[in-house]
Amino acid sequence: MSKVAEVLVETLIANGVERVWGLPGDSLNGVTDAIRTRPDIQWMHVRNEEAAAFAAGAEAHVSGKLAVCAGSCGPGNLHLINGLFDCQRSRVPVLAIAAQIPSAELGTTYFQETHPEQLFKDCSDYCAVISEPGQLERVLPIAMRTAIAKRSVAVIVLPGNIATEHCSWQARAIGLLKNDSEITPSCQALERAAEILNGTSRVAILAGAGCAGSHAELVAFAKALHAPITHALRGKEYIEFDNPFDVGMSGLLGFSSGYAAMKNADALVILGSDFPYPQFFPKDAKVVQVDSRGEQIGRRTHVDVALIGTVGSTIRALLPLLQAKSNDEYLKAAQKHYASARKGLDDLATADTDDGPLRPEFVARTLDQLASQDAVFTCDVGTPTVWAARYLTMNGRRRLIGSFNHGSMACALPQACGAQAVKRSRQVISMSGDGGLAMLMGELLTAKQNQLPIKVVVFNNGALAFVELEMKAAGYVNFGTDLDDPDFSQLATSCGFLGLRVTRAAELQAKTKQLLAHDGPALLDVKVQRQELSMPPTITIEQARGFGLYLLRAVLSGRGDEVLDLAETNLISRLFS
Ligand SMILES: Cc1cc2nc3c(=O)[nH]c(=O)nc-3n(C[C@H](O)[C@H](O)[C@H](O)COP(=O)(O)OP(=O)(O)OC[C@H]3O[C@@H](n4cnc5c(N)ncnc54)[C@H](O)[C@@H]3O)c2cc1C
Ligand SMILES: Cc1ncc(C[n+]2csc(CCOP(=O)(O)OP(=O)(O)O)c2C)c(N)n1
């Protein structure tokens, strides 16, 4: 008879799981020991379990398959939680094994006792406690199917003593590798949508991550409607490429053209997007929204027709109901606006500083130009998200991963590890903030130890720069945002990376090439400007007032130098022009 942990591992293997991310501890030792003896599944040792969850999420994002992470009882699995929130919000299938203290001790406030079934509730769609060996035979497949079908997180809470007991059940495949079912809305609902779309000439499309795999349908739809397409950030990798209708991302970090296209439309079609900012939606337009999960519809703006369906099949069903449109003025104007907004941002991506910190836009643009055509990019929450959104060119083969819905710092490095594990020969680049890198810096060792040849570019501005912008916008004087950083290149060198550093624009090209060509993990620490602004396409009176107040306070508090710096990086003129 096999042990529970052995059958658990056998079940994972039978369902295509190739690795488990985690960190051992006594309650988990039965599981790690079962992995140790199997050549067909890998233990991916991390330095912090939070990274295990981020890595598993990125693995699932790139592979489209179920990924697994594990933590020991109490603090071990508590560390998983932040990363699991990210997996759940990004809708990637992840199974977490949360080891638990011996079952006989439960309820006694035993050493490391926590209640994962409560703690993991909010970051998962399924969480079950195993209280006897036979239970896992049904619970494990349910957990795996839930994670795959809902593209979400499922958690199994497994006491260490049960993992090492014997059981009589066998591993088997669950018959579901990914959720690729298609849903088509009813004819009546489609007709109501067509009526709206046929009745107006100014239609805009807001497209999101739900358009993955439906690029051809999306472009055909926009063509039929003469509609500009603005996208939400998570849709960037699926929408922007080979798309003459794309007018840029919307949102505070987006393009004014994306904002205008949506705001001035008479009808808006939302396709597979949960774009979270209500103030960017048009007030009076008719709205048709397509989402495979009905409960997502209408969460951000009013909706006239709700179509519960997958994007591709819904468009295929809707297209024959649309009347040909003759007027393409709205589209043309939006495309023109996009060209000028794009140029405005391109103009910022220059090496105009001979000495001293580089423009981060220039760093991102250089990376974009030198990276391979199938590179996977990960980016930290903070200004690296801005540079990735604006300066990376997607082409249908490149991928972009970040903590876009959960918004957690420090995601980029562990996500790079997760993406790299899927294919070691693929180029994987982490666009890290100096704050973000420092937060999970131990994961450099994870990359080295697991032979993951990731490339890390540190946008080193010596600050929590995104927060500084937020503080400025709200009228606060910067406080608590300085970072006393090490030389990350030296630090990376001592971790077994190739460590490189750039402090002048003239060095960037050669060092980036060296970074990307290195056969192994490598890190490039780039000194970038601290005050570079991620200019929003629309600034509210309140925000403008906030900046004014910031300047006043800065002067009053004797920080005139900083105001001068701000002026030099053109913040003021760009804001108020
Ligand atoms: C610092 C920071 C700044 C940001 N600034 C911006 C910004 O300026 N602009 C911006 O856009 N984002 C920004 N974001 C990201 C933002 O928070 C959201 O993550 C993003 O807008 C959501 O993108 P989405 O709608 O494509 O993806 P999701 O929120 O994941 O929504 C996808 C939707 O598609 C549905 N779906 C999935 N598959 C299908 C299918 N096959 N058919 C139909 N429906 C499907 C899902 O149910 C879901 O409702 C920022 C994030 C950070 C961290
Ligand atoms: C775990 C976590 N803590 C705090 C925040 C709030 N926050 C958002 S961006 C940011 C600054 C990130 O700094 P850094 O990684 O250096 O990037 P920068 O913006 O400076 O380029 C902070 C603190 C967060 N999103 N996540």
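Predicted model: local features only at pLDDT ≥ 70, side-chain atom pairs only at ≥ 80, totals over all residues.

Me: Why is leucine 392 called buried?

Reply: A residue is buried under 20% relative accessible area, exposed over 50% and partly exposed in between, with a 1.4 Å probe and protein chains only. Leucine 392 has a relative accessible area of 2%, so it counts as buried.

Me: Which residues does leucine 392 touch, leaving out those up to four places away in sequence?

Reply: Contact means heavy atoms within 4.5 Å. By that rule leucine 392 touches Lys236, Glu240, Ala364, Asp368, Phe377, Trp387, Leu400 and Met431.

Me: What makes helix 16 largely enclosed?

Reply: Helices (H or I, at least four residues) and strands (E, at least two) are DSSP runs, numbered from the N terminus. Helix 16 covers residues 383-391, and nine of the nine are buried, so the helix is largely enclosed by the rest of the structure.

Me: Where does threonine 512 lie, and what does it contact beyond its neighbours within four places in sequence?

Reply: Threonine 512 belongs to helix 22, residues 505-517. The residue is in contact with Thr366, Leu367, Leu370 and Leu524. Between threonine 512 and leucine 367 there are 145 residues in sequence but 7.0 Å in space, C-alpha to C-alpha. Its relative accessibility is 2%, so threonine 512 counts as buried.

Me: What makes strand 18 largely enclosed?

Reply: Strand 18 runs over residues 455-460, and six of the six are buried, so this strand is largely enclosed by the rest of the structure. Lys455, Val457 and Phe459 point one way, Val456, Val458 and Asn460 point the other way, and all are buried.

Me: How do you know that strand 18 pairs with strand 17 and strand 20?

Reply: Two strands pair if DSSP finds at least two bridges between them. Strand 17 (residues 428-433) is joined to strand 18 by five bridges, and the two run parallel. Strand 18 and strand 20 (residues 522-527) are joined by six bridges and also run parallel. Isoleucine 429 stands opposite lysine 455, and phenylalanine 459 stands opposite valine 526.

Me: What makes strand 2 largely enclosed, and which strand is joined to it?

Reply: Five of the five residues of strand 2 (residues 19-23) are buried, so it is largely enclosed by the rest of the structure. Arg19, Trp21 and Leu23 lie on one side and Val20 and Gly22 on the other. Four bridges connect strand 2 to strand 3 (residues 42-45), and the two run parallel. Arginine 19 stands opposite glutamine 42 of strand 3.

Me: Is threonine 109 buried or exposed, and is alanine 410 buried or exposed?

Reply: Threonine 109 has a relative accessible area of 73%, so it is exposed. Alanine 410 has 1%, so it is buried. Threonine 109 is in the loop between strand 5 (94-100) and helix 6 (116-119), and alanine 410 is in the loop between strand 16 (399-402) and helix 17 (412-422). Phi is positive at threonine 109, near 55°, and at alanine 410, about 70°.

Me: How does the radius of gyration of the protein agree with that of a compact globule?

Reply: The radius of gyration is taken over C-alpha atoms, and the globule rule is 2.2 Å times the number of residues to the power 0.38. For 577 residues a compact globule would have a value near 25 Å, and the protein has 25 Å, so the two agree. Buried residues make up 57% of the 577.

How values were computed
Residues numbered from 1 in each chain as written. Chains lettered and ligands numbered in written order. Heavy atoms only, no water.
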